[in-house]
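Reader: Hi, I've got a new structure to look at for class. Can you walk me through it?

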Amino acid sequence: MYEDSQQRMAKATYAPMFETVSGALNKIDKKSPHAADQKMVLTTHRKAPTTSPDCSRVYLRDLNSITRSTPVTARETTIRTKFAAVSTAVNTRLHDTTKQAADLAAFNAQKDTPGGKTTMRSYIWSLESAAYDQANG
């Protein structure tokens, strides 16, 4: 092992428009017949202040490391069902011209209050989530 391993590691300098790269840069297409040969490229950018200047990391993951090993639980199925229903309701409501004026007025009235939603989508999401909970117990 090298004594001064920090000097032997590769360094990447990003262009100004890519100063903070974080998340999946390349995902595995699980439906592809070549999925087993693909690699997922993940990057992270640490935002915590430290004395180390190295704050970006790149990881490669293969299909085996992202394949689920446990079955989906009933609770997860319930959460997924709610998310799908609320997401559809939110998108429908945001594009419904008959409700837009009233929703915008209600959103503006609550956005500057403590605990108020800061975006229109999050406001509508909270309304539709509450409606879903009321309808489904």
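Reader: Start with confidence. What is the mean pLDDT of the protein?
Author: This is a predicted model. Its mean pLDDT is 81. Of its residues, 74% reach 70 or more.

Reader: Which element has the lowest mean pLDDT, and which the highest?
Author: Helix H1, residues 5-8, has the lowest, at 52. Helix H3, residues 74-94, has the highest, at 96.

Reader: OK, the big picture. How many helices and strands are there?
Author: Five helices and three strands. From the N terminus on, the order is α-β-β-β-α-α-α-α.

Reader: How much of the protein counts as buried?
Author: The protein has 137 residues, and 14% of them count as buried.

Reader: And what share of contacts links residues 24 or more positions apart?
Author: They make up 35% of the contacts with a separation of 6 or more.

Reader: Now the strands. What order do they take in the sheet?
Author: The order is S1-S2-S3. The sheet is open, and the pairing is antiparallel. Strand S1 (23-26) and strand S3 (56-62) are the edges, each pairing on one side only. On average, neighbouring strands are turned by 30 degrees against each other, direction ignored.

Reader: What holds strands together in general?
Author: Strands of a sheet pair through backbone hydrogen bonds, in a parallel or antiparallel way.

Reader: How many bridges join S2 to S3?
Author: Seven. S2 covers residues 39-45 and runs antiparallel to S3.

Reader: And how many between S1 and S2?
Author: Three, again in the antiparallel sense.

Reader: Give me one residue to look at. What does valine 41 pair with in S3?
Author: Its bridge partner in S3 is leucine 60. Also, asparagine 26 stands opposite valine 41, which is in S2.

Reader: Which residues of H3 are buried?
Author: Val86, Val90 and Arg93. Seen down the axis of H3, the buried residues fall within an arc of 65 degrees, so they line one face of the helix.

Reader: What's exposed on the other side of H3?
Author: Ala74, Thr88 and Thr92.

Reader: And what covers the buried residues of H3?
Author: The cover includes helix H4 (97-110) and H5.

Reader: Let's zoom in on arginine 93 in H3. Why does it count as buried?
Author: Arginine 93 has a relative accessible area of 19%, and buried means under 20%.

Reader: What is arginine 93 in contact with?
Author: Leaving aside neighbours within four places in sequence, arginine 93 is in contact with Lys99, Asp103, Ile124, Leu127 and Glu128.

Reader: Where is glutamate 128 found?
Author: In helix H5, residues 120-136. Glutamate 128 is buried, with a relative accessible area of 15%.

Reader: What does glutamate 128 touch?
Author: Val86, Ala89, Val90 and Arg93, not counting residues up to four places away in sequence.

Reader: On to H4. What span should its 14 residues have?
Author: At 1.5 Å a residue, they should span 20 Å. The end C-alpha atoms of H4 are 21 Å apart, which agrees.

Reader: Which residues of H4 are buried?
Author: Asp103, Phe107 and Gln110 are buried there. H3 and H5 are included in what covers them.

Reader: One last stop, lysine 117. Where does it sit?
Author: Lysine 117 is in the loop between H4 and H5.

Reader: What's its relative accessibility?
Author: It is 33%, so lysine 117 counts as partly exposed.

Reader: How far is lysine 117 from phenylalanine 107?
Author: They are ten residues apart in sequence and 7.8 Å apart in space, C-alpha to C-alpha.

Reader: And which residues does lysine 117 touch?
Author: Phe107, Gln110, Lys111, Ser122, Tyr123 and Ser126. Residues up to four places away in sequence are not counted.

Conventions: Residues numbered from 1 in each chain as written. Predicted model: local features only at pLDDT ≥ 70, side-chain atom pairs only at ≥ 80, totals over all residues. Heavy atoms only, no water. pLDDT = per-residue confidence, 0-100. Helix = DSSP H or I, 4+ residues; strand = E, 2+ residues; numbered from the N terminus. Pairing = 2+ DSSP bridges. Axes fitted to C-alpha atoms, helices over the stretch in contact; angles between N-to-C directions. Buried < 20%, exposed > 50% of the residue type's maximum accessible area, 1.4 Å probe, protein only. Contact = heavy atoms within 4.5 Å. Arc of directions from axis to C-beta. Expected span 1.5 Å × (residues − 1).
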